[in-house]
Amino acid sequence: MSSSAVLIIGCGIAGPVLAILLKRKGYNPIVFEKVQALGDAGASLMIQPNGMKILNLITPNEPLPIITPLQALWHGTASGKTLGHSTLPSTYTNRYTQPASGIKRSVLNLHLKATLQKHGVPLYEGYQLENIHENAHQVTAYFTNGESMTGSFLIGCDGIKSSTRKLLLSQKAGIVEGPPTFTGLIQVAGISKLPHSLTEKDTSLSNWYGEGVHVVAYPISAEDISWAVTIPDTEGEDSTWRAATAGTELESLRGKLREKLSGFEDCVMEMVNTAERIISYGLFDRREVPAEQWFSDRVVLVGDAAHPTSPHLGQGANQALEDCYHLSRMLPDLSVEGSEWDGFEQCLSGIFEEFARLGQPRTSMLVREARRLGEQRVVVGGPDRCRERDASIADAWKDEEAVARGLDGLFIEPF
């Protein structure tokens, strides 16, 4: 195995992106994915300008498929009364060099997988990480299928349920971390044809705030819209990752949503009634860990493995992409003539520490803000609290310049 071999755990978004960035710098990345074959999973993602900048580095001459730049933001009540509206997203390209765009998760995953193959990066599917062994000059990953692989260092890109994180915390800090904590909220999501009644919201990121229920929707193509309903649920893990495409289970999910969405405007009900596939999944959280627990001598965490966040700010995937950029730029460029890994090896732990200390303050702030939005806006119960929430949202949107400055703090990064 080459001394510049990099073991990357996880082939969601961060894993393939990091692999391609490192391949260009002269490394030999190898990606491992626990599922047997990447396919049609999940609903969609909103890639914001800060994330789009990184994706554009990967395939600048091959635009992402079915990209639909966002044009507006809309916030309103369940019945459709506008609390706030802005066309700021139409200025994102001029302001940040990239737009925001919704994309089907499986489309992005398969696009990145194909890009990996074009770059000649090996991908091993059906490889669930079981253990990690580090020594002075290399790291070995052991998998549940009995296979193992050795490289110079290992990057955990395996999400909120990260096996890499669990092993790293146990081996480095003696911390035994259990599974993620169920937040008491689930999302039920689907993809539908754009409703005829959506009108001016058809190119918007739209949020409807009801009593004990929140709906978000955004276009993912010229004809399709992705939506998600967030509601409290006491079933916990029993309610997670169920997909329904036909029959009684699909109708059962629709019936549950119709009950929760009573009083919502017609376009919301139309999206629910016309979706051919609906999935239900729980929202989970983990405790924050300090920067020094993001890494060891030969292992480092990125994305949700290091700083898991709730979806209420829409920054989970985008922060993972920022991580990819910063870690790859900090690692030495082995593609430069005369460069050899052996000359840089002793700097590895210092590079990981610099990466973690750079990223932790920003990601910590965003995690806290996402939690705050979830508690104060997303699922609020009781008429009085709902009126307070609606008034707060309306008040916040009176000053569009203040909103723009807040977006600058998110989207002007990482370059």
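Student: Where do I start with two helices: is the crossing of H2 and H8 left-handed or right-handed?

Tutor: The crossing of H2 and H8 is left-handed. A crossing is called left-handed if the near helix is turned anticlockwise from the far one by less than a right angle, and right-handed if clockwise. Before we go on: this is a predicted model, in which local features need pLDDT of at least 70 and side-chain atom pairs count only at pLDDT 80 or more, while totals for chains, interfaces and linings use all residues. Residues are numbered from 1 along each chain as its sequence is written, and side-chain values use heavy atoms, leaving out hydrogens and water.

Student: At roughly what angle do the axes of H2 and H8 cross?

Tutor: Two packed helices are described by the angle between their axes and the distance between the axes. Here the axes of H2 (residues 49-58) and H8 come within 8 Å and cross at roughly 50 degrees. That makes H2 oblique to H8: under 35 degrees counts as roughly parallel, over 145 as roughly antiparallel, 65 to 115 as roughly perpendicular, and the rest as oblique. Axes are lines fitted to C-alpha atoms, for helices over the stretch in contact, and angles run from 0 to 180 degrees between N-to-C directions. Helices (H or I, at least four residues) and strands (E, at least two) are DSSP runs, numbered from the N terminus.

Student: Which residues of H2 make the contact?

Tutor: Contact means heavy atoms within 4.5 Å. H2 contributes Asn50, Gly51, Ile54, Leu55 and Leu57, and among the residues of H8 that take part are Gln319 and Tyr325.

Student: How does H8 lie against H9, roughly parallel or antiparallel?

Tutor: The axes of H8 (residues 316-330) and H9 cross at roughly 160 degrees and come within 10 Å. That makes H8 roughly antiparallel to H9, and their crossing is right-handed. The residues that meet include His326 and Leu327 in H8, with Phe355 and Leu358 in H9.

Student: Is glutamine 315 buried or exposed?

Tutor: Buried means under 20% relative accessible area, exposed over 50%, and partly exposed in between (1.4 Å probe, protein chains only). Glutamine 315, in the loop between E19 and H8, has 3% relative accessibility and therefore counts as buried. Leaving out residues up to four places away in sequence, glutamine 315 touches Gln48, Asn50, Leu366, Leu410 and Phe411. Its side chain also makes a polar contact of 2.8 Å with that of glutamine 319. A polar contact is a pair of N or O atoms within 3.5 Å; within protein, one must be able to donate a hydrogen and the other to accept it, and residues adjacent in sequence count only if both atoms are side-chain atoms.

Student: What about arginine 371?

Tutor: Arginine 371 sits in helix H9 and counts as partly exposed, at 27% relative accessibility. A polar atom of its side chain lies 3.0 Å from the backbone oxygen of arginine 286.

Student: What is the strand order in the open sheet?

Tutor: Strands of a sheet pair through backbone hydrogen bonds, either parallel or antiparallel. This open sheet has 5 strands in the order E8-E2-E1-E12-E19, with parallel pairing; two strands pair if DSSP finds at least two bridges between them. E8 (123-125) and E19 (299-301) stand at the edges with a single partner strand each, so one side of each has no neighbour in the sheet. From one strand to the next, the twist averages 20 degrees. Helix H5 (residues 163-173) packs on the sheet, touching E1, E12 and E19. Helix H9 (residues 348-378) lies across E12 and E19, at about 10 degrees to E19.
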